[in-house]
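Open the model in your viewer and keep the selection tool at hand. The tour below goes from one selection to the next.

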Amino acid sequence: MLIENQHYRTVWYDDTTRQVAMINQNKLPFVFELVYFKTYQETAEAIRDMTVRGAGAIGATAGFAMAQAFDTTGDLVKIQEARAYIEATRPTAVNLFYATEKVFNAGKEHRNSAMVAAQQIADEDAEGCRLIGEYGNTLIKPSGRILTHCNAGWLAFVDYGSALSPVYAAHNAGKQPFVYVDETRPRGQGARLTAYELEQNKVDHRIIADNAAAYYMAKGAIDMVITGADRITANGDVANKIGTLEKAILAKEFGIPFYVAAPFSTFDFNTPSGDMIVIEERSDEELLYHEGPDEHNIIRKIRMAAPGSAGLNPAFDVTPHRYITGFITNRGIIRPDELKGYQ
Ligand code: MRU
């Protein structure tokens, strides 16, 4: 994607420095910074502390981390330990496990194949998301008004994104999409990252408070909802950023189509239904403090909740398949009841 007229992927392997390179998402949108990691432990840490985040980007990064482990040792016990270390970073997005398994299996056969497999995962992610854009664009009206939650744009993948890819495709095709951007408390991926992406790409949008969606839906101001997904189970249930379930219930109430955009690497056909998904619990600091840059662009935290109170901070929720109109995938648009044919 273009930032200041230069093309970037969210994460890549830098052949010159032989390091994993990525955009530091913890500093966006205030500071654009590239960071580089030499070891699999450092790369895994970047997933844990959300320097890189979003299902596809996490997957590609985990693949590169796994390949870095093969670069340092041929000892399969150590490689198994590395895999466990990488897989312990974040539990919900299935793309992470998809990537570690693929790269592990490739490297086990031929050590040199690990990096090739990791690169393939990154390239497939980008191409899959480009296709999601093409299919999803067919659903967007010339002046379509779309609500999205969290960030499932190109920052959440290697390129293009899932939920935002159709929006970019529509925009590039000369349509005039308008995006309602849920701020997405507590970390604010919508207000920070989705808004940043749309602004960079000159797509018309407004940030709205997380609790404003019903107001706009009731006014008839929203034509469709498109979100991303972190894991989609065999029956079509979807784990996505906390607050997604609420939007899905609202969309049904107001008769608004609710689409989930995701490449096939996000489908987990081994898990029958959403109640079996492990939901990540994160530190309540994300909820109790606000983050922003000071006058020197150093990111600072300020407490905005009552001193002494603790919080609860589940990172994801599960939307049952009955709320979902369709999945916008790299293989086309699929209704939940059609999923069986793809397993
Ligand atoms: O916790 P994050 O930022 O890694 O969460 C991922 C997300 O951005 C959303 O849940 C998104 O809609 C799915 S990832 C494409």
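Two residues are in contact here if their C-beta atoms, placed from the backbone, lie within 7 Å. Keep in mind throughout that this is a predicted model.

Where they meet, domain 1 gives 30 residues and domain 2 gives 36 residues. On the domain 1 side, select β1 (2-3), α2 (55-72), α4 (94-109) and α5, each of which supplies at least two residues. That side of domain 1 has 18 nonpolar, 8 polar and 4 charged residues.

**The sheet.** Next, show the strands in the order β8-β7-β6-β9-β12-β17-β18, which form an open sheet of 7 strands with mixed pairing. Which strands stand at the edges? They are β8 (204-208) and β18 (332-334); each has a single partner strand, so one side of each is without a neighbour in the sheet. On average, neighbouring strands are turned by 25° against each other, direction ignored.

Now select α5 (residues 113-137), which lies across β9 (224-227), β12 (258-261), β17 (326-329) and β18. Helix α5 runs at about 135° to β17. Finish with helix α9 (residues 244-253), which packs on the sheet and touches β6 (145-148), β9 and β12. The direction of α9 makes about 155° with that of β9.

Key: Residues are numbered from 1 along each chain as its sequence is written. This is a predicted model: local features need pLDDT of at least 70, side-chain atom pairs count only at pLDDT 80 or more; totals for chains, interfaces and linings use all residues. Two strands pair if DSSP finds at least two bridges between them. Helices (H or I, at least four residues) and strands (E, at least two) are DSSP runs, numbered from the N terminus. Axes are lines fitted to C-alpha atoms, for helices over the stretch in contact, and angles run from 0 to 180 degrees between N-to-C directions. Ala, Val, Leu, Ile, Met, Phe, Trp, Tyr, Cys and Pro count as nonpolar, Asp, Glu, Lys and Arg as charged, and the others, Gly among them, as polar.
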